[in-house]
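Here is a short briefing on one predicted model. Please have the sequence and the coordinates open as you read.

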Amino acid sequence: GGLSSVMAQSVELTLDCSVTLKQAHTPFAIRRESGGARTVISIPDMLAGERRDILVELAPATTAATDLLQASLRYTDLQRGCLVQSSTVVMSITRVDEPQPEMEPDEEVVQQRHRVEVTRALQAATAQGDAGDFEQAQKLITSAEQRLAASGKQSSMKQALGGELADAKCQMWN
């Protein structure tokens, strides 16, 4: 049943960056090309209706360039039996001469940051637990719980991540 719902294979997300891409947070394979200006992220399969979020960290733009990156997607459409290339989407910024008050960060970006931070904390705690240092694993999880609790609005994603941390903490008793 699961195989019949695969809609796209060999998905490649290409990011052509005008500024330095510091990191792409994803479990998928990353390939750097063109001296680091191009990054290709390879996703093996995608199911019908599936969404993949990839958080990217960019270095601050040091030039007047307003286009930060261009993203495009290429994949094999299994339903139509052909290779599909999406149109390019541009991420740009608008520069203004006057200082602007700090705006609220985008809620979806904040949630993805939380996801990445919790994943890192869980991986580090697992490594400590595997090494037999359950006390350090507990400290890492507690620290991640405190950072998550102190970070703004409540959301279903934040609650789910908090639940994952609590479960991991229970499992890290020696």
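The buried residues of α2 pack against α1 (107-130) and α3 (156-171). Buried means under 20% relative accessible area, exposed over 50%, and partly exposed in between, with a 1.4 Å probe and protein chains only. Helices (H or I, at least four residues) and strands (E, at least two) are DSSP runs, numbered from the N terminus.

This is a predicted model, in which local features need pLDDT of at least 70, side-chain atom pairs count only at pLDDT 80 or more, and totals for chains, interfaces and linings use all residues. Residues are numbered from 1 along each chain as its sequence is written, and side-chain values use heavy atoms, with hydrogens and water left out.

**Helix α2**

- Helix α2 spans residues 134-149, 16 residues in total. From first C-alpha to last, α2 reaches 22 Å, close to the 22 Å expected at 1.5 Å a residue. That expected span is 1.5 Å times one less than the number of residues.
- Ala137, Gln138, Ile141, Ala144 and Leu148 are the buried residues of α2. They sit on the same side of α2 because they cover an arc of only 130° around the axis. The arc is that of the directions from the helix axis to the C-beta atoms.
- Glu135 and Gln146 are exposed, on the face of α2 turned away from its buried side.

**Second largest pocket**

- The second largest pocket holds about 150 Å³ of space. A pocket is an open set of points on a 1 Å grid over the protein atoms alone, where a 1.4 Å probe fits, with protein on both sides within 12 Å along at least five of seven lines. The volume is the space filled by probe spheres set on the points, which are joined across faces, edges and corners.
- Its lining is Gln23, His25, Thr26, Pro27, Arg115, Val116, Thr119, Arg120 and Gln123; lining residues have an atom within 4 Å of a point.
- β2 (21-25) and α1 are the elements that give two or more residues to this lining. α1 gives the most, with five.

**Ser87**

- Ser87 lies in the loop between β7 (82-85) and β8 (89-92). Ser87 is exposed, at 58% relative accessible area.
- Beyond its neighbours within four places in sequence, Ser87 is in contact (heavy atoms within 4.5 Å) with Ala71 and Ser72. Ser72 is 15 residues from Ser87 in sequence and 6.2 Å away, C-alpha to C-alpha.

**Cys170**

- Cys170 is in helix α3 and is exposed, at 56% relative accessible area.
- Cys170 and Gln138 are 32 residues apart in sequence and 8.9 Å apart, C-alpha to C-alpha.
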